[in-house]
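Here are my notes for a first look through this structure. Keep the viewer open and follow along point by point.

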Amino acid sequence: MPGAVRPGPCALRRTGPHPPHAARGTTASGSFSAVSSAVSDFIEQTRLAARAFADFGGHLFNPTVRLGVTGLSRAGKTVFITALVHGLIRGGRFPVFEPLANGRIAGARLAPQPDDAVPRFDYERHVRAIVIDREWPDSTRQISELRVVIDYQTSGGAMRTLTLDIVDYPGEWLLDLPLLGKTYEQWSAETLSHLRRAARPPLPKPFLEQIAAVDPLAAADENAAIEAARLFTTYLHACRKEHRTLSLVSPGRFLMPGDLAGSPALTFAPLDVPAGQEAPSGSNWAMMRRRYDAYRDVVVRPFFREHFARLDRQIVLVDALAALDGGPEAVRDLQDALTAVLECSRVGRGGWLDALFRPSVDRILFAATKADLIHHASHDRLEAWLRRLTESAVARAGDAGAAVDVIALAAVRATREATVRGEGGELPTIVGTAVPGEWSDGRHFDGTTEIALFPGDLPAEGLQGGDFRSIRFRPPALEETDDGAPALPHIRLDRALQFLIGDRLR
Ligand code: GDP
């Protein structure tokens with residue numbers, strides 16, 4: 001059962017009025033910036049309350065659950081949402097999703113999505129890719145939404161409707177939220193200390209060498225800022241490609257800049273700023289700080305207000321097998337990222353306005369995805385490992401005020417299991433159709449060949465690094481449910497659904 005955790009301090013509230021390195025003096029510019037930051041915090045709180053009040057009124061007449069689906073790039077968000085919605089509207093094989101299993105769901109349908117400024121999740125295209133073309137769909141690049149309306153019968157027999165708003169957003173944006181609680185000086189110090197500890201490739205050497213030549217107190221140099229931001233971004237990209245430093249992908253929009261590419265709000269980097277001083281006006285330091293603050297104002301705060309603060313439930317998808325494959329450092333990073341997610345869920349809790357108006361995340365599910373790439377004998381181990389990681393993240397993050405659960409799942413099960421007799425005895429294998437272009441054991445596949453693969457075992461204790469292999473398999477052909485409906489095979493997708501919305505369909 002999920003462990004309950006309690007509210008704590010939030011990132012919207014500042015961790016302290018002064019940066020640790022800045023003088024706590026009473027310079028005119030220092031007191032002006034303290035006042036202006038207090039005013040902007042107040043304005044932000046007012047906007048949040050207004051937004052929450054509007055949602056609160058709407059939900060009174062139209063019960064709604066806003067479900068956030070997040071995870072770092074390639075974690076499996078697009079596939080998860082597509083499979084979940086397909087299962088809901090086409091009646092998937094979901095024995096553990098109680099309202100569907102007991103026949104209390106009369107039907108589910110897509111409805112026009114409510115937020116005019118947010119792109120719609122392209123369900124039809126993604127489902128066509130998986131079901132008809134048997135290809136994986138294009139991955140999440142930005143935020144999108146989809147509305148599903150579920151007609152159901154309560155346990156007491158009354159007919160009701162629940163609106164499920166699914167919000168798909170990159171985990172890189174979520175990991176930006178802690179920036180709201182950090183000054184530029186704090187962020188710089190933490191980031192640089194992390195970079196200097198990096199022990200294996202990709203190493204941030206070119207970036208560190210470049211900023212060593214930038215004097216924070218000297219007159220602002222735009223070209224130096226552009227070069228620092230470029231090298232820093234290159235490093236973040238390299239980390240993401242290696243599935244490494246998951247916790248240090250912030251600022252997330254450096255990796256997915258969209259309309260803001262090249263803007264000053266995305267042209268900053270951490271600098272070694274001296275302790276006990278104020279940033280001289282017109283200096284590199286002052287320029288970087290101003291841009292960091294702009295990033296928080298134009299990117300992070302609107303995301304928090306318009307999307308994150310409005311979520312009721314959250315699933316965080318984790319490509320745990322990739323992290324395991326990446327070794328102990330990747331595992332430590334994953335744990336830092338989980339802690340950061342839990343800290344984010346404390347954001348904005350605790351004030352009287354929150355208590356009155358703001359719906360906030362009360363259930364968080366951490367899901368290790370792609371469990372079909374290992375044998376079922378290892379599923380429990382994967383889940384137990386993620387659970388241990390989450391428990392220590394909960395202990396570090398403190399009380400997050402939400403029920404937390406952990407699951408190993410495959411939103412779309414691309415493999416089946418078989419036993420193959422080899423020289424060393426019987427081997428538990430997974431069988432599937434390798435995607436075109438995939439290689440294994442020196443063989444090249446064209447997308448039509450079924451292969452049996454021994455993925456290796458996850459050890460019972462002390463999972464630290466990869467002892468398994470995986471290749472990409474094509475999505476499977478549809479199965480039929482007992483009623484003859486076409487369904488996508490999955491692993492524990494129904495258990496995830498039960499945790500996330502089962503209680504709202506009683
Ligand atoms: P996103 O970036 O989080 O939206 O990730 P996607 O949902 O696009 O998934 C990235 C890739 O992971 C896909 O192209 C698939 O190769 C793989 N994948 C995702 N979910 C599953 C799954 O349930 N089973 C298997 N075998 N592969 C999956």
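1. Start with Arg120 and Glu124, whose side chains meet in a salt bridge at 2.9 Å, N to O. (A salt bridge here is a side-chain nitrogen of Lys or Arg within 4 Å of a carboxyl oxygen of Asp or Glu.) Arg120 is partly exposed, at a relative accessible area of 37%, and Glu124 is partly exposed too, at 33%. For these labels, buried means under 20% relative accessible area, exposed means over 50%, and partly exposed is in between, with a 1.4 Å probe and protein chains only.

2. A word on what you're looking at: this is a predicted model, where local features need pLDDT of at least 70, side-chain atom pairs count only at pLDDT 80 or more, and totals for chains, interfaces and linings use all residues. Residues are numbered from 1 along each chain as its sequence is written, and side-chain values use heavy atoms, with hydrogens and water left out.

3. Next, go to Arg125 and Asp138, another salt bridge, at 3.1 Å from N to O. Arg125 sits in helix H4 (residues 123-132) and Asp138 in the loop between H4 and strand S4 (144-153), so this pair ties together parts that are 13 residues apart in sequence. (Helices, H or I with at least four residues, and strands, E with at least two, are DSSP runs numbered from the N terminus.) Arg125 has 38% relative accessibility and counts as partly exposed; Asp138, at 49%, is partly exposed as well.

4. Arg301 and Asp297 form a salt bridge at 3.1 Å, N to O. Both belong to helix H9 (residues 284-306), four residues apart, about one turn of the helix. Elsewhere, salt bridges with shared partners join Arg66, Asp115, Glu145, Arg147, Asp165 and Arg310 into one network. The count of salt bridges comes to 31 by this rule.

5. Now the ligand. It has 19 residues around it, of which Arg74, Lys77, Thr78, Ser139 and Asp372 come nearest; a residue is near if one of its heavy atoms lies within 4 Å. The shell divides into nine nonpolar, five polar and five charged residues. (Ala, Val, Leu, Ile, Met, Phe, Trp, Tyr, Cys and Pro count as nonpolar, Asp, Glu, Lys and Arg as charged, and the others, Gly among them, as polar.)

6. Which atoms face the ligand's own oxygen and nitrogen atoms? A polar side-chain atom of Ser139 is 2.7 Å from a ligand oxygen, and one of Arg472 is 3.0 Å from a ligand oxygen. A polar backbone atom of Val412 lies 3.0 Å from a ligand nitrogen. Taken alone the ligand exposes 570 Å², and the protein buries 97% of that; the areas come from the Shrake-Rupley method with a 1.4 Å probe, and for residues only the protein chains shown count as cover.

7. The largest has 91 residues, and Leu177, Phe207, Phe308, Phe366, Leu382 and Trp385 touch the most other members. H9 gives the most to this core, with ten residues. A second, separate core of 43 residues includes Ala75, Val127, Leu488 and Ile501.

8. Helix H14 (residues 493-501) is mostly covered, with seven of its nine residues buried. Among them are Leu493, Asp494 and Phe499.

9. Glu185, in helix H6 (residues 184-197), is worth a click. Glu185 is buried, at 1% relative accessible area. Its side chain makes a polar contact with that of Trp285, at 2.7 Å. (A polar contact is a pair of N or O atoms within 3.5 Å; within protein, one must be able to donate a hydrogen and the other to accept it, and residues adjacent in sequence count only if both atoms are side-chain atoms.)

10. Last, two backbone angles. Most residues other than glycine have a negative phi. Arg74, in the loop between strand S2 (64-71) and helix H2 (77-90), has a positive phi near 70°. Arg492, in the loop between strand S15 (486-487) and H14, has a positive phi near 60°.

Terms used:
A nonpolar core is a set of buried Ala, Val, Leu, Ile, Met, Phe, Trp, Tyr and Cys residues joined through side-chain atoms within 4.5 Å.
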